[in-house]
Amino acid sequence: MTTTTTPVPAGVPAGSGPWRLARAELLRRTSVKISLGVVALFLLMAAGAPLLSALCGFTPEEFDKTAVDPYLGGRPIGPLGGVSADHWLGVEPLTGRDLFARVVHGAQVSLLIALTATAIVVVTGTAAGIAAGYFGGRVDAVLSRLMDLTMSFPSLIFMIAMLSVAKDVNRVLLMTAVIGLFGWPGIARVVRGQTLSLKRREYVDAARVSGSGPWRILTRAILPGVAGPVIAYTTLIVPGMIATEAALSYLGVGVRPPTPSWGQMIAESVAFYDTDPMYFVIPSTCLFLTVLAFTLLGDALRDVLDPRSARA
Amino acid sequence: MILYIGRRLLGVIGVLVAIAAVTFTIFYVLPSDPAAAACGKSCSTERLTAIRAHMGLDQPLWRQFADFVTGIFTGRTLGGGQYALHCAFPCLGYSYENSEAVWDLLMDRLPVSASLALGAAVLWLLLGLGAGVTAALRKDTLTDRVLMVGAVAAASLPVYFTSMTLIYGIVRTAGLLPYPQYVPFGDDPVHWASNLLLPWLALAVLYAAMYARQSRGSMIETMAEPYIRTARAKGLPRRTVVVKHGLRAGMTPVLTLFGMDLGGLLAGAVITESLFGLPGIGRLFYGALSTGDQPVVLGVTLLAAAFIVVANLAVDLLYAVVDPRVRY
């Protein structure tokens, strides 16, 4: 957002490739280092969830009646919502389920859904965008109509409705599919525009003249050209995906209890806001930090990899 | 221009019919049998058949859909014989839950959702554009950095957090404002506003941050255009240059965003309404889902889609007004 021309960062030999330059430029920024750290932390947390909860000694679904006070309406015993040597982040009111274990497993569910949905969106969006931009004509017309149509869907309302009527198969899979279904037009538009400007470049003509087939041109000439914006855009849609997963789980159409997810924990904790604010604060903070970290990372990636649209 | 509007309106109707078809297929094919639900536990086969016929569920799906779409434009009669029920234009069917016309239910709740969306929109435009333009004009200064860091942070705040903090801080602890309850604007404008202020703020914080980021970017880009330099060289006051030349053209990307956001919110901010307990369309929708009230679900989805496409059309037409370079 701050620079439009990327100066060669110090410590990188002149003549280095564009990716190496981009990496050096990114790592120069403090915000990138911090947000990478936060993202890595949460990813590790999600990946190592079973290990971490084994370490703290509680599974996310395990009740601990000794941690709550039955005479005070099930309020956690101890300061800050029941923080103790056993329960590092306190416990849930009434049940005494360990919040650390739940938040860590919640990260697993939330991030798994958000990242898989992002992957679906990016793959379909890029494919549709490249096809629409490169082939033009009827392909473009059909795909562009489809993009307009998908964007006219009231997506959140539609997602809620679909999830609530769908048969109970695999909730995680279902949510991923439903969230992924509505996200692709945004990235498809970006890629389509980029492809349109790339396909008339000399090097693409050269590939065509030298006898490359469309598949080879698309994968070897066009795809590397759109990779920068796609990577930046991908990082920027992750926060939206995380927030959508949280919203759906908050509304009770997401993963089914007792499986924890951040949105669902927030929904449950709202009722205890007066008596046990920490219960609410912990999943909210996790949500806030991941969304913030992905946004900062995406901003920086866009500045470096897609300087033309960085200002918009 | 008129030709353009005509063509776009046809497109709008096409999109809505397509969305209705998709929604219809999903919600009438997938879920449980509404006739069985209406019939109750001890239900004889004859009675079930009669109810299915009354609801039109014995017809093939395409026929049900055709009837539904015709009903929207002309009204239709549901069922036959002594149970015949006329559903007037614009007919979206009757709620399975309380047998009220879906259209009436929607119009009953619309003022709440519209008040919420419009009030929040005014707030977030003021806050967002104000911060964005200020940051753009002071690019790379401390003000710019502080505003933009604030915007990123605010955009990342979960709406639950903002809402609950507002309720807890301002209502419970300080007692400055009442717990939000919807008061119709016509009854008492002051109470209407004071009751809605918190939900407005909660929504506005989220959106203002996005608008600040977007408008800063597009303002910086616009202010670098040659015609801005020309305007300045002519000796126009800075204010005129910024507002008349810069802001007008710089606002087109923001306008696109605004159309989509406002269109989406008009048909109910499901989460905000549930956090603040406002009886808007979002709540109606949510309630209808839990009872499997498909006509209401379909009605809300269609209304929401209609708001989105109409808002997009309005935005495209406004382009010509805002940006003198756009002509249809």
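In which helix of chain A does V39(A) lie?

Modeller: Happy to. Keep in mind that this is a predicted model. V39(A) sits in helix α2 of chain A, the helix that covers residues 30-47.

Set aside the neighbours within four places in sequence, and V39(A) is in contact with A293(A), F294(A) and L297(A). For a contrast, take P154(A): it is 115 residues away from V39(A) along the sequence, and the two C-alpha atoms are 30 Å apart in space.

Let's move on to a pair of helices in chain A. Helix α11 of chain A (residues 262-270) packs with helix α12 of chain A (residues 277-305) at an angle of about 150 degrees, and their axes are 8 Å apart. Angles over 145 degrees count as roughly antiparallel, and α11(A) and α12(A) are therefore roughly antiparallel to each other. The crossing of α11(A) past α12(A) is left-handed.

Who meets whom there? From α11(A) come W262(A), M265(A), I266(A), S269(A) and V270(A), while α12(A) brings Y279(A), F280(A), P283(A), S284(A), C286(A) and L287(A). Sorted by class, that contact has nine nonpolar residues, two polar ones and no charged ones.

Next, the partner chain. Chain B has 14 helices and two strands. Of its 328 residues, 40% are buried. Looking at contacts in chain B with a separation of 6 or more, 65% of them link residues 24 or more positions apart.

And here's where the two chains get together: 37 residues of chain B are in contact with 32 residues of chain A. Several elements of chain B give two or more residues to that side, among them α1 (2-29), α8 (189-223) and α14 (294-322). The one that gives the most is α14(B), with seven residues. By class, the side of chain B that touches chain A has 30 nonpolar, five polar and two charged residues.

Note on methods. Residues numbered from 1 in each chain as written. Chains lettered and ligands numbered in written order. Predicted model: local features only at pLDDT ≥ 70, side-chain atom pairs only at ≥ 80, totals over all residues. Contact = placed C-beta atoms within 7 Å. Helix = DSSP H or I, 4+ residues; strand = E, 2+ residues; numbered from the N terminus. Nonpolar A, V, L, I, M, F, W, Y, C, P; charged D, E, K, R; others polar. Axes fitted to C-alpha atoms, helices over the stretch in contact; angles between N-to-C directions. Parallel < 35°, antiparallel > 145°, perpendicular 65-115°, else oblique. Left-handed = near helix turned anticlockwise from the far one by under 90°. Buried ≥ 20, exposed ≤ 12 C-beta atoms within 10 Å, placed from the backbone.
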